[in-house]
Structures are given as structure tokens and as C-alpha cells.
Amino acid sequence: MSTRLSTLGLVVAALVLALVPALKLPAFYESFLYLVFFWISLATSWNILSGYAGYFSFGHAAFFGAGVYTTATLTTAFNVPFLLSLPAAGLVAALLGSVIAAVVFRVRGVRGELFGLLTLAVTFVLSTIALNTRLDGGPGVFLAAVPVPTLLGAPATTLYHLALAVAFLAMFAALAIYRSRWGMGLFAIRDDEDVAEVLGVPTYRYKLVAFALSCFIAGLIGGIHAMFVTYVTVAEIFAVGLAVDAIMMAALGGTRFWYGPALGAVIITTLTQSLTGGESAVLNRALIGAVLIAVIVFLPNGVAGGLQRRFRRAAHASVSIVAAIEAPPSPAREASAPLLGCVDVKKAFRGLQALAGVTLEVRAGEILGLIGPNGSGKSTLINVVSGYYRVDGGRIVLDGRDIARVRAHRIAGLGLARTYQIPRSFHRLSVLDNVALAAMFGGDHGRAAGRSLARSWLAFTGLEARADALPGELNLLERKFLDLARALASEPRLVLLDEVLSGLTPAQMTDALRLVRRIRDRGTTVVFVEHIMRAVLDLADRVVVLSGGQVIAEGLPRQVMRDPDVVRAYLGKAYA
Amino acid sequence: MLAGLFTGGLYALLGLGLSLTWGLLRVINLANFALAFLGAYLTYQLATALGLDPMLTLVVIVPAFFLVGIVLEEGFLRLRIDELTSLIVTFGLTVILESLIQWIWTADFRRLESPYARVSLRLGPLFVGLGGLLAFVAAALLTLATWAWLRWSYLGKAARASAQDGPMAGAFGVNRRRLALLLAGLSSAYAAVAGLFIALNHTLAPSQIYSWIGVVFAAVIIGRLGNALGLLAASVFIAASEALTMAVTAPGWAPLVSFTLLIVILLLRPEL
């Protein structure tokens with residue numbers, strides 16, 4: 001489904017639903033639909049951060065509650081009109097979320113379940129504050145006396161329309177993000193945040209804005225809901241169960257899809273509403289628990305994932321890939337000026353001095369081999385240069401700019417890309433999207449341009465037939481080439497290859513060597529770390545030898561291999 | 001303060017199973033709390049209907065729960081469930097168990113009348129409830145025993161090795177499946193013990209399942225995953241600071257302490 005078609009569908013659905021109150025159906029239907037909108041808003045807003053980027057928040061009730069109590073306090077204690085309190089409700093929640101995100105997202109280790117627990121704790125802290133201050137104070141807040149304006153009918157109808165508007169807003173935002181660079185970046189964060197950052201995704205900013213938006217929508221629907229229930233208590237509003245219900249709906253529908261949470265919200269709300277009443281209410285909850293378990297275990301991508309899989313399988317046969325053979329053109333450049341310079345670079349891990357003052361230079365247009373025994377600091381150097389580790393001392397200059405303390409995604413933007421010793425792909429994105437992501441963030445392209453560039457890079461690396469596969473389905477060589485295609489797609493001026501050849505068969509190695517040479521022929525400077533001396537001799541213009549975190553030799557390959565220090569420290573016998 | 005110590009004992013009992021399965025099996029078992037309450041209700045039922053001494057009910061309930069834990073872990077292993085999924089699945093289990101409890105025992109409050117609740121001991125100038133004291137003693141004994149077992153026994157070392165690098169431990173001859181089942185069974189049995197003391201010292205209602213989740217999670221994380229001794233220390237520390245907050249300000253502020261602590265510790269030392 002194209003973006004325009006989806007948007008059109010959303011608008012039509014919203015307009016039709018807006019007309020429902022005019023039918024004068026029994027009040028039950030209107031309040032049922034209100035609840036559907038309510039849960040669509042909560043589940044979809046939760047999904048914008050937690051589903052897309054994989055930061056599971058158990059604290060959605062906290063931001064929802066912030067909205068509820070903002071409206072409750074403003075309308076009762078300060079006599080602010082209800083409608084005016086709503087933007088405030090959203091903003092207070094968004095502000096709260098931003099402050100929390102600004103602190104939390106700076107700590108690299110708080111991911112996955114730890115982030116979940118942290119947000120859970122935020123819920124309890126906020127509820128304690130509300131309970132013990134004049135926000136609530138214990139007995140709860142009554143809003144029955146607050147007037148609700150009549151826009152298109154009775155006050156209840158106003159609430160209906162407001163909730164519909166928020167649900168529409170939430171779904172529209174989810175769709176827009178899903179189709180944008182931003183959404184692609186969030187998906188990459190979910191699969192491998194470090195790699196995403198190195199490919200140029202501004203992870204911190206993306207997560208922060210997604211969180212703020214998610215909280216804003218939760219706060220907005222909270223403000224409306226305060227008026228819907230007319231009596232709010234801390235125990236009912238700051239309920240962890242509310243966050244979990246939203247999570248459950250999103251998981252049921254499919255967290256990887258913009259419409260997944262809405263689908264889940266409709267299913268669950270309908271289930272609970274149709275089964276409520278009397279004795280069965282208890283068993284009904286048990287049934288929901290069972291449904292939740294069954295879905296998580298048997299449909300890991302949710303109902304939407306299941307639907308799409310059937311749809312895809314049918315569509316797949318008719319699609320054929322027309323691959324471009326030519327690699328995209330690359331800007332011409334002058335030869336042998338220094339592109340990257342490291343001056344006295346130091347990095348220690350606790351007591352271990354991995355880099356003890358490394359000074360080296362990479363010239364534009366060359367292939368530089370970086371060799372040395374295990375533990376000599378080769379990979380650490382790559383990690384430091386690409387911005388994954390922060391240096392302890394020294395300067396790293398890329399094209400005249402000191403990048404020693406620059407965040408990884410900015411270094412990527414300056415034209416640096418890398419591969420990993422053990423290939424790291426975004427395992428939930430297709431091979432094509434893995435590469436498209438790099439093109440979008442490295443070359444500043446939109447989604448469509450990124451994809452078409454990605455196809456030509458796949459052709460360049462011989463992977464075009466696997467464009468729609470998931471990385472998990474590739475063999476080792478293909479995954480290494482995927483890593484490479486991804487690095488190249490970001491249009492780097494300098495690419496760092498970490499043991500691209502290890503583990504390959506001799507025939508595969510010949511292919512890989514040819515590929516590396518073609519990369520250089522396009523004008524990209526190459527630094528490669530390698531243990532296979534045949535490849536080093538064959539490929540490198542110059543060689544730098546690291547040992548114990550220091551440069552012990554550099555020069556032409558054949559010269560360096562005969563250097564007595566190098567032979568003693570690394571080779572054991574003279575090559576060449 | 002002493003009351004804080006005793007509450008800490010209960011936190012530690014509830015947290016022990018959680019800490020073991022999370023730290024050593026990578027399963028975040030939210031259902032641990034529901035299981036503890038199921039244990040509490042079973043104790044209540046056996047003690048009131050059959051007139052058994054509450055302590056004696058453990059003879060039946062602990063082995064039964066050990067089996068339940070094994071069955072659950074078997075399911076988790078078969079379905080290859082990861083940490084996040086385990087959290088959601090066990091939440092589903094919690095909801096099912098809650099409904100089950102509510103269906104059998106209704107949503108009304110239940111209170112077990114037992115001699116343990118009524119007897120108080122005199123320790124110098126202080127009166128100490130027997131139930132609370134026993135809970136603390138049980139918590140201290142179980143955490144110490146678990147800690148020593150993990151630290152020194154062959155099985156304990158094997159369990160810790162498996163948690164760090166499962167396939168490698170397997171390559172060195174550790175039967176990981178049986179070890180996982182044993183640990184899960186133990187964790188579930190601990191929930192049964194926690195249930196006994198919940199029944200002895202607290203009023204039971206199905207909704208109470210959720211009341212300790214936050215505090216116990218805080219204790220488990222602050223004490224470090226899989227570290228029984230750390231858990232005990234953290235539980236007592238949290239309970240004591242809660243008691244202190246209650247004494248100094250209004251009782252309502254108590255949760256603020258543990259959760260703020262949890263947030264600060266997560267931010268300062270996120271690596272588990």
C-alpha cells in the first residue's frame with residue numbers, strides 16, 4: 001500500500017466515524033467507539049517509540065496520567081476551559097517525557113528490559129507524587145462540574161469527536177514516521193543501535209523526539225479521558241496494567257506495522273466489551289491473558305505480520321528484480337593527499353592500554369593494510385576512528401577536521417564507513433533495506449532514492465538476487481558483502497574493513513579481493529585489517545604494523561614484511 | 001526499623017525466584033508474584049478447611065510448586081523465549097492466575113487466623129510479631145543457602161557458567177536443560193515459601209498481586225541479578241528506608257524511596 005493510499009484510507013475512515021453520532025444510535029455504541037479510539041491512541045502512541053525503536057516502555061501510564069492530572073488540575077483548581085487544557089495536557093506529558101529521555105538516552109547501557117523497568121519506576125514515582133500533593137491528595141478529583149463545550153452535539157459527542165481526532169492524529173503520525181527516514185532509523189535502532197549510529201543515524205535525537213511525540217499523544221488522550229470518566233483516582237490512572245494493556249494490543253496487532261497497534265486495540269476492545277458482564281468477566285480476563293500468550297508465542301510479528309506474510313507470498317512470484325550493473329558514480333579526487341591522520345591516539349580499557357599513542361596517516365586514494373598480532377589494537381583503532389569508542393588522548397583528523405570527540409553519526413556524515421569482523425546486519429530489515437538505510441543516512445537521500453541506489457550497490461557486490469531476503473538467510477560471504485555494500489552505500493570517502501577475508505574459501509577470497517580493488521578504483525580510500533598475508537601483499541599499497549598498541553613499522557608491503565621487528569613481533573618468518 | 005527488617009525479609013523471599021530465573025536463565029518471571037499469591041491462598045485453604053498448621057502446608061505446596069516451575073521452564077525452553085517475550089508471556093500467566101484466584105476465592109479480602117499472627121515475642125523493649133520474625137529468618141536462611149550453593153557447589157558453579165556462556169558450559173559437559181529445570185523448580189518453590197508468609201502476615205485479595213512488583217524488582221536489580229546475598233541486603237535496605245520515610249513524613253511517600261533508588265542505580269550502573 002502506498003503512503004497516499006493509506007493516508008486516504010485513514011481520512012475516509014475518520015470522516016465516516018465522525019458521522020456516526022448523527023445516526024442517533026443507542027449511547028452504548030458511542031461509548032464503545034470512544035473506548036476503541038482511546039485504546040488506538042494509547043497503543044499507537046506507545047508503538048511510536050517502543051515498537052519502532054524497540055525501547056519497551058512500561059511507563060506509558062505515567063505520561064497518560066500526566067495528561068489526565070494536568071486537565072483535572074487546570075479545569076478544577078484554575079477554572080481553565082476544558083478545551084484549552086488539552087494542549088497543556090499533551091505538552092506537560094511531552095515535556096516530562098523529553099526530560100526523562102534526555103537523561104536516560106545518554107546512558108548507553110539502559111536498553112531493553114532495563115529501560116522497561118526504569119519507565120515502570122517512573123510510573124510509581126509520579127503516582128506517589130500525585131497521591132501526596134495537592135494534585136490529588138488521596139480522595140481523587142471530580143470533574144463532573146466542569147463544563148464540556150457542545151461542538152457537534154451533546155457533551156458526550158464532543159468527547160467522542162475529540163478522541164477520534166487524537167486516534168487519527170496518532171495513526172497518521174505513526175504512518176508518516178513509518179514511511180520516513182526517521183522511521184527507517186528507528187527500525188535500525190531496534191535491530192542494532194551501535195551500527196545504526198555508525199551508519200549516520202542520529203540515534204539520540206531520533207529516540208528523544210519519538211519519545212516526546214509518543215508522550216504528547218498519551219497526554220492528549222489522557223486530558224480527554226479525564227473528562228470522560230469525570231472522576232479520576234491515582235490508583236486507576238497510574239496503573240501499570242494500563243501500560244501493559246497498550247503493550248498487549250500493540251504486540252497482538254504487530255509492533256512492526258503502523259496500523260498494528262490500532263488493529264490490536266480494535267480486537268481486544270471488542271473482545272472485552274462483548275464478553276463483559278456477570279460471572280464471565282473474570283474468565284474473560286483469563287481469556288485475554290491466554291490470547292496474549294498465544295499471540296506472542298505463535299505470531300511474533302502480530303496479526304498484521306501474519307496478514308502481510310500471506311499477502312507477500314502471493315505477490316512474490318510476480319516480482320522480478322531488474323538490477324543495475326553499473327555502480328553509482330563517485331566524485332573524482334586528487335591523489336595521495338592525507339585523508340585521515342592519527343596523532344598519538346590513546347585508548348585504555350581499565351588497566352589494558354589497547355592503543356598506546358598511535359600515529360599514522362592514510363592518504364587519499366590508497367589501500368592501506370593494517371596488520372599486527374591479535375590484541376595489538378587494530379580493531380580498537382577502527383572502533384576509535386569510527387567513533388564507537390571515545391579516545392583517551394590524541395587527535396584524529398579526517399580531511400582537516402578533528403573528529404576525536406565527535407559522535408559516530410556525525411563522523412559517518414563526514415564520509416567514513418566501516419564493516420565488522422563478525423558481520424552485523426539489521427536482522428529484521430531486508431537485505432535491500434539494510435543497504436537503503438545506509439544510502440539514506442550516508443548520502444542524505446529520501447526513501448525511494450535510497451532504495452534505488454541500494455539496488456545498484458547490491459548489484460556491485462553481487463547480492464542483487466538476495467535483495468528481499470532477510471540477513472539471517474545469507475551465508476557468511478554474503479553477509480560480509482552485505483556489510484560491505486552497506487558501508488559503500490553511505491558514499492564514504494574512507495572505508496574501514498575489519499577482516500573482510502577471514503573465514504572465506506580461496507575462491508571466495510579471490511572474489512573479495514577483486515571487489516576491494518574495484519572499490520578503490522571508484523576513488524574510495526580503503527583501510528583494511530587482515531591476517532592473511534597473501535591478501536595483504538596482493539592488495540595493499542602501503543602497510544602499517546601495530547604491536548602492543550603502537551606502530552612498529554610502516555612502508556611498502558614487501559619492505560615491511562622483511563623488517564626484523566615485524567618478523568619477531570608478528571610473522572615468525574619472513575614473507576617475501 | 002525492625003518492622004522494616006521484617007518487610008525486607010518478605011521482599012527477599014519474593015525476589016529470590018525472580019533473581020534466579022532472571023540472572024541465570026534469562027527469564028523475567030512476572031508470574032512469580034501470582035504464584036506466590038496462589039501459594040498464599042492454598043495455605044489459607046489448607047489451614048482453614050483442614051485445620052492444618054500453616055507451616056505443615058509447605059510439605060504439600062512446595063513440591064507441587066517445584067513441579068509447576070519445571071513445567072513452565074520446559075515450555076519456555078521448547079518455545080525458545082527470550083527475556084522480553086518472557087516478560088510478556090509471564091504477564092499473561094499472571095492475568096490468568098489472577099482470574100483463577102478470583103474465580104475460586106472471589107475478590108473479597110481473606111485473612112488467615114493462625115497462632116503465628118497473634119503471638120508476639122519480647123525482645124528487650126520491643127514487641128516482635130512471630131510471623132514477621134519467621135519470615136525474616138526464612139528469608140535469611142534461604143538466601144544464604146542459595147548464595148552458598150551457587151558459589152561453592154558443582155551445580156551452582158555450572159549454573160553460573162551456563163548463564164555467562166551457555167554453549168560453552170554445555171561443551172564442558174554441563175547438562176543445561178536439567179540445570180535450567182532445577183533452577184526454575186527451585187525459584188517456583190521459593191515463591192511457595194513467600195506465599196506462606198504472605199498468608200501469615202497479610203490480608204489476601206487477588207488485586208494485591210501487583211502491589212509488591214515494583215519494590216521487589218528494585219531489590220532484585222539493586223542486589224544484582226542472580227546474587228542472593230545482594231538481594232537480601234538490598235531488600236532490607238529498601239524496607240528500612242521505606243520505614244524511615246514513613247516515620248519521618250507521611251506513609252504515602254514510602255514508595256518514592258525505592259523507586260528513586262532504582263532509577264538512580266539503573267542510570268549510574270546500567271550493566272547487569
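Visitor: Which residues does Val193(B) touch, not counting residues up to four places away in sequence?
Guide: This is a predicted model, in which local features need pLDDT of at least 70 and side-chain atom pairs count only at pLDDT 80 or more, while totals for chains, interfaces and linings use all residues. Residues are numbered from 1 along each chain as its sequence is written, and chains are lettered from A and ligands numbered from 1 in the order in which they are written. Contact means C-beta atoms, placed from the backbone, within 7 Å. With those neighbours in sequence set aside, Val193(B) touches Leu13(B), Leu58(B), Val62(B), Ala138(B) and Leu142(B).

Visitor: Which element gives the largest share of the side of chain A that touches chain B?
Guide: On chain A, 31 residues are in contact with 34 residues of chain B. Helices (DSSP runs of H or I, at least four residues) are numbered from the N terminus. Those giving two or more residues to this side of chain A are helix 5 (112–132), helix 10 (240–253) and helix 12 (280–298). The largest share, 12 residues, comes from helix 5 of chain A.

Visitor: Is helix 6 of chain B roughly parallel or roughly perpendicular to helix 7 of chain B?
Guide: Helix 6 (residues 130–152) and helix 7 (residues 154–164) of chain B pack with their axes, lines fitted to C-alpha atoms over the stretch in contact, 5 Å apart and at an angle of about 80°. Angles run from 0 to 180 degrees between N-to-C directions; under 35 counts as roughly parallel, over 145 as roughly antiparallel, 65 to 115 as roughly perpendicular and the rest as oblique. Helix 6 of chain B is therefore, relative to helix 7 of chain B, roughly perpendicular.

Methods:
Contact = placed C-beta atoms within 7 Å.
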